[in-house]
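Biologist: Thanks for sitting down with me over this one. Could we walk through the ligand site and then the backbone?

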Amino acid sequence: MKINGVQYRSVRVDPEDNRTVLIFDQTRLPFSLDVLRLTECGQVAHAITSMQVRGAPLIGAVAAYGLALALRTDPDDVAMERDAAMLAATRPTAINLRWAIDRMLAKLRPLKPEDRVEAAYAEAALICDEDVAQNEAIGRHGLSLIESIAKDKKKTGTINILTHCNAGWIATVDWGTALAPIYMAHDMGYDVHVWVDETRPRNQGAALTAWELGSHGVPHTVIVDNAGGHLMQHGMVDLVIVGTDRVTAQGDVANKIGTYLKALAAKDNNVPFWVALPSTTIDWTVTDGVREIPIEERAASEVTHVAGQMEDGLIGRVRITPRDSAAANPAFDVTPARLVTGLITERGRCAASAAGLHALFPEQAT
Ligand SMILES: CSC[C@@H](O)[C@@H](O)C(=O)COP(=O)(O)O
């Protein structure tokens, strides 16, 4: 994805030393585009827990590099297993994190310790390249969906797409999942406009999705999280596309808190509700998302306070609740498959069901 004409990936290795891992500090966006230099595994773990990096595919890719950094310090079996377990535990809901660590370990365990660092960097780079290719394919499969909606509208009106949270290029290595089809449609000249849910409490929509879309020139409007139902009732949303942190084998979808309410409103108003994901986000070991997917509980301070830019230009946080009020902060919810119109994957689109997923991924059928 380009910022001011320059091509970037959301994670890369510094070509100066072939060692340091470079990320954008997402806690500073949209006000400041700061690059963080990660040289130790502990810094990577901190970047993931503090959400300097976030988004399911990206935290998997960055954790893979985190293991490469850990191996530089100690490549022996015990240390590798310990550091891998520590990285995998940094956030619980996105399955891509565990998937990436498991893939790294499968590659590294059979190797002699002295061969592991180089192999780890190479495997992490492969994970990144594959993520970019998968997201580009998701973009193409989602694009044809937008094209068919444009034809169905039978008028040259704007195609209004609502999205929640941030499932754009900054949540992946490049392209994004939910936003990839939107970027492609925009680039092809389709008149797309995006309703951007602000996505309290951390405002990934207002801060990140709006910044991304703006950087790419895609028309968009930021709305409060509760506006979507109203817009759907008034025919102002043609399509919802969101990303996801974990999809079950029967098509239930975990995503940022509030996604479920958007799916309910979409169902009530016959608005198509699509979920975009690389297959690395599918957890084939679970079926019932509401019962089985662990939901991250984050700090109450994310609810009681809001971060933003002060009048003096500094980024700060202000309290918005009474000091004595308790606050709860479940970070994700699960949208049952029955509310999902379909899934957009790198292999094509399918129904959110075991049959739909198995048709695209027959190697997973038991
Ligand atoms: C392509 S990213 C898909 C999801 O990871 C995204 O929608 C999301 O919910 C991210 O949550 P976050 O808590 O910001 O990491």
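**The ligand site and some backbone details**

Modeller: Gladly! This is a predicted model, and the space that the ligand takes up is the largest cavity.

Biologist: Which elements give two or more residues to the shell around the ligand?

Modeller: The shell draws at least three residues from each of domain 1 (2–129) and domain 2 (138–364). The elements that supply two or more residues are α2 (56–73) and β11 (253–256).

Biologist: And how many nonpolar, polar and charged residues does the shell have?

Modeller: Around the ligand there are 19 residues, and R54, R91, Q204, N255 and K256 come nearest. Sorted by class, the shell has 7 nonpolar, 8 polar and 4 charged residues.

Biologist: How much of the ligand's exposed area does the protein bury?

Modeller: Let's begin with the contacts. A ligand oxygen is 3.0 Å from a polar backbone atom of G55, and one is 2.9 Å from a polar backbone atom of A56. For Q204, a side-chain N or O atom is 2.8 Å from an oxygen of the ligand. Taken alone the ligand exposes 420 Å², and the share buried by the protein is 99%.

Biologist: On to the backbone: where is P201 found?

Modeller: Most peptide bonds are trans. The bond from R200 to P201, however, is cis, with omega near 10°. P201 is found in the loop between β7 (192–197) and α7 (204–216).

Biologist: What is the phi of N18?

Modeller: Most residues other than glycine have a negative phi. N18, in the loop between β3 (11–13) and β4, is not a glycine, yet its phi is positive, at about 50°.

Notes:
Residues numbered from 1 in each chain as written. Predicted model: local features only at pLDDT ≥ 70, side-chain atom pairs only at ≥ 80, totals over all residues. Heavy atoms only, no water. Near = heavy atom within 4 Å. Polar contact = N/O pair within 3.5 Å; in protein donor to acceptor, adjacent residues only side chain to side chain. Areas by Shrake-Rupley, 256 points an atom, 1.4 Å probe, with all protein chains shown as cover. 1 Å grid on protein atoms, 1.4 Å probe; cavity = no way out; pocket = protein on both sides within 12 Å on 5 of 7 lines; lining within 4 Å. Sits in = over half its atoms within 2 Å of the grid points. Helix = DSSP H or I, 4+ residues; strand = E, 2+ residues; numbered from the N terminus. Nonpolar A, V, L, I, M, F, W, Y, C, P; charged D, E, K, R; others polar. Domains from an automatic or database assignment.
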